[in-house]
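Subject: Structure handover

Hello,

Here is the structure I promised to pass on. Please open it first, then read the notes below.

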Amino acid sequence: MESTMKELGDSASVLDLDPKTAVGGGVEDVYGEDFATEDQLITPWTVSVASGYSLLRDPRHNKGLAFTEKERDAHYLSGLLPPVVLSQQLQEKKLMNSIRQYQLPIQKYMAMMELEERNERLFYKLLIDNVEELLPVVYTPTVGEACQKYGSIFRRPQGLYISLKEKGRVLDVLKNWPERSIQVIVVTDGERILGLGDLGCQGMGIPVGKLSLYTALGGIRPSACLPITIDVGTNNEKLLNDEFYIGLKQRRATGQEYSELLHEFMSAVKQCYGEKVLIQFEDFANHNAFELLAKYRTSHLVFNDDIQGTASVVLAGVVSALKILGGSLADHKFLFLGAGEAGTGIAELIALEMSKRVCFYCSWLYGLLFVVWGSNIALVSRLESLQHFKQPWAHEHESVKTLLEAVNTLKPTVLIGASGMGKTFTKEVIEAMSSFNEKPLIMALSNPTSQAECTAEEAYTWSKGKAIFASGSPFDPVEYEGKVFVPGQGNNAYIFPGFGLGVVMSGAIRVHDDMLLAASEALAEQVTDAEYEKGLIYPPFSKIRKISAEIAAKVAAKAYELGLASRIPRPASLVKYAESCMYSPVYRNYR
Ligand SMILES: O=C([O-])CC(=O)C(=O)O
Ligand SMILES: [Mg+2]
């Protein structure tokens, strides 16, 4: 709070400017022109009404063949379009037909990106109405391939690039973005893109993809979303030698140079967009992810999707699985493969949830088992050498050399993979889990599909149909011995859109861990008995807009309860309010 007060003090001092340079009068100075002193440089933004050819080329307002006769007359479009007028529904049908013709997911991805650049509302209409089919196209797993090939498929730039070259003038770069009322920023530095590693500047596909989900699943207006990639170089040799690489061709800046650029960015965001813009950190490498979250969580509205979003979705899945498994959280033993952002984030949130239920407090320390997986299991003798975020979770144990040995020795009930290493849940591991558990809970969370610890088919067949399975990347239903098993997708996409909506609509100024627990609880509550019957631990994505509204309402309620919400008065029904705030992609009529 101290730094909040300082910030407020800083902005108050802006009001002490020479009166001849400030208009006052309560009018918001959106473009920063009026607060600028005469010797400061400003950006000469103009706003005009699009018509004719430029209206057709403006993705935010273009409706293609859906412009009515009246609109064509009024907006100088006559002759620029063929005579037919199509409804948005028919346009949607036509486009879905054409997208389904493509064989390769990356072709579908490119077709969707082109649509977004051409007709934004139609893009969102398709995505919302066909969410289960198109989520794997615009998001995980295809977005991973898109980032790998970003240089060669690059056409029109999306999002904002802030590189080391811009150090010292990051605020000016932010001011080049055409929108002023930003509510959510997703930012990456590209160092740990999904489980694919360092993709440098080509990580831009991730913030772009995440924000399209913010709109489609969480209802945040597209114009309020800002994807950002911070380019501090890359250590990926392949990219450094790639003639089509779009980023800075130098090795990653670290230490002071890195933190100074990040600090300048964080300050510039607050200066440009105020206190209530949500900054979502995405796919940073472990060391920076934990440090940035710790450093800025008390001064900015920040959320790390890989630590906090993943933790919240996994906790929801585990809580929901208890309905099938029985027992309470404290009765279960969790073994983690991977002690990065996801692994430690999940452990922390599960522990927090258990500690809230006072009667389980004594046993949770025992119940929660954390194992660091590298070439060896972490031993207490190595504890000092562990990164600080792993230390609380390491347990004293005899040395075990393999995951199989760990499983056999520790006998966990829940196996959580968040290692970024594909194919590590082997047949023997799954068989061992199934030998001492009636229903082992197996979560293979690493993305994209190639990095999944095991596939759905492997989990069901190797466990002989006993496993309850969820994964980070989507898998199709699996038939085993005449029974159809539907795997759950334990992906943070369930959480962040609704979470962000809750934060934005309540005007929250900080993220508190209890808001993550609230999101988790809201998600777990959305699973119906019929879905449990099918072995599902997450509700289907087809219900995601409703789920997001429920999550948003619970998150906002928690923000009000904690005194962190600034939107006063509190709406009577937060669910209704959330629904009323959500962006709809249906075309608007033009006068
Ligand atoms: O993007 C996804 O699918 C989930 C996620 O945050 C990650 O794997 O880093
Ligand atoms: Mg991520």
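The UniProt record, an unreviewed entry, annotates residues 116-297 as "domain: Malic enzyme N-terminal". Keep in mind throughout that this is a predicted model. Over residues 116-297 the chain is 46% helix and 11% strand.

**The ligand site**

Start with ligand 1. Which residues surround ligand 1? The list is Tyr139, Thr140, Arg192, Leu194, Lys210, Glu282, Asp283, Asp305, Asp306, Asn447, Asn491 and Asn492. By class, that shell has six charged, four polar and two nonpolar residues.

Asparagine 447 has a polar side-chain atom 2.8 Å from an oxygen atom of ligand 1. For lysine 210, an N or O atom of the side chain is 3.1 Å from a ligand oxygen. For arginine 192, the corresponding distance is 3.2 Å. Taken alone, ligand 1 exposes 260 Å², and the protein buries 92% of that.

UniProt (unreviewed entry) also has a "binding site" feature, placed at Arg192, Asn447 and Asn491. Asparagine 447 sits in the loop between E8 and helix H20 (456-462). Its relative accessibility is 15%, so asparagine 447 counts as buried.

**Backbone points around the ligand**

Most residues other than glycine have a negative phi, and most peptide bonds are trans. Some residues of the shell depart from that pattern.

Leucine 194 has a positive phi, near 45°, and is not a glycine. Leucine 194 lies in the loop between strand E2 (184-188) and helix H11 (205-216). Its relative accessible area is 12%, so leucine 194 is buried.

Aspartate 283 also has a positive phi, about 55°. Find aspartate 283 in the loop between strand E4 (278-281) and helix H14 (286-296). Aspartate 283 is buried, with a relative accessible area of 1%.

Threonine 140 is joined to proline 141 by a cis peptide bond, with omega about 10°. Proline 141 is in the loop between helix H7 (131-138) and helix H8 (142-148).

**The five-stranded sheet**

Next, the sheet. What is the order of the strands in the open sheet of five? The order is E6-E7-E8-E9-E12, with parallel pairing. E6 and strand E12 (488-489) are the edges, and each pairs on one side only.

Go along the sheet from E6. Strand E6 (residues 334-337) is covered on both faces. Phe334 and Phe336 are buried on one side, and Leu335 and Leu337 are buried on the other. E6 runs parallel to strand E7 (residues 414-417), and four bridges join them. In this pair, phenylalanine 334 stands opposite valine 414.

Further along, four bridges join strand E8 (residues 441-444) to E9, again in parallel. Isoleucine 442 has phenylalanine 469 in E9 as its bridge partner.

Strand E9 (residues 468-471) also has both faces covered. Ile468 and Ala470 are buried on one side, with Phe469 and Ser471 buried on the other. E9 and E12 pair in the parallel sense over two bridges. Here alanine 470 has glycine 488 as its bridge partner.

**Other places to check**

Is serine 434 buried or exposed? Serine 434 is buried, because its relative accessible area is 7% and the cut-off for buried is under 20%. Serine 434 is in helix H19 (residues 427-436). Its side chain reaches the backbone oxygen of isoleucine 430 at 2.6 Å.

Isoleucine 230 belongs to strand E3 (residues 225-231). At 0% relative accessibility, isoleucine 230 counts as buried. Serine 181 is 49 residues away from isoleucine 230 in sequence and 21 Å away in space, C-alpha to C-alpha.

Finish at the loop between helix H24 (544-561) and helix H25 (574-581), where alanine 565 lies. Alanine 565 counts as buried, at 15% relative accessibility. Alanine 565 is 257 residues from glutamine 308 in sequence, and their C-alpha atoms are 20 Å apart. Proline 569 lies in the loop between H24 and H25 too. A cis peptide bond joins isoleucine 568 to proline 569, with omega about 0°.

Best wishes

Key. Residues numbered from 1 in each chain as written. Chains lettered and ligands numbered in written order. Predicted model: local features only at pLDDT ≥ 70, side-chain atom pairs only at ≥ 80, totals over all residues. Heavy atoms only, no water. UniProt positions renumbered as here; feature names shortened; annotations may be inferred. Buried < 20%, exposed > 50% of the residue type's maximum accessible area, 1.4 Å probe, protein only. Pairing = 2+ DSSP bridges. Near = heavy atom within 4 Å. Polar contact = N/O pair within 3.5 Å; in protein donor to acceptor, adjacent residues only side chain to side chain. Areas by Shrake-Rupley, 256 points an atom, 1.4 Å probe, with all protein chains shown as cover. Nonpolar A, V, L, I, M, F, W, Y, C, P; charged D, E, K, R; others polar.
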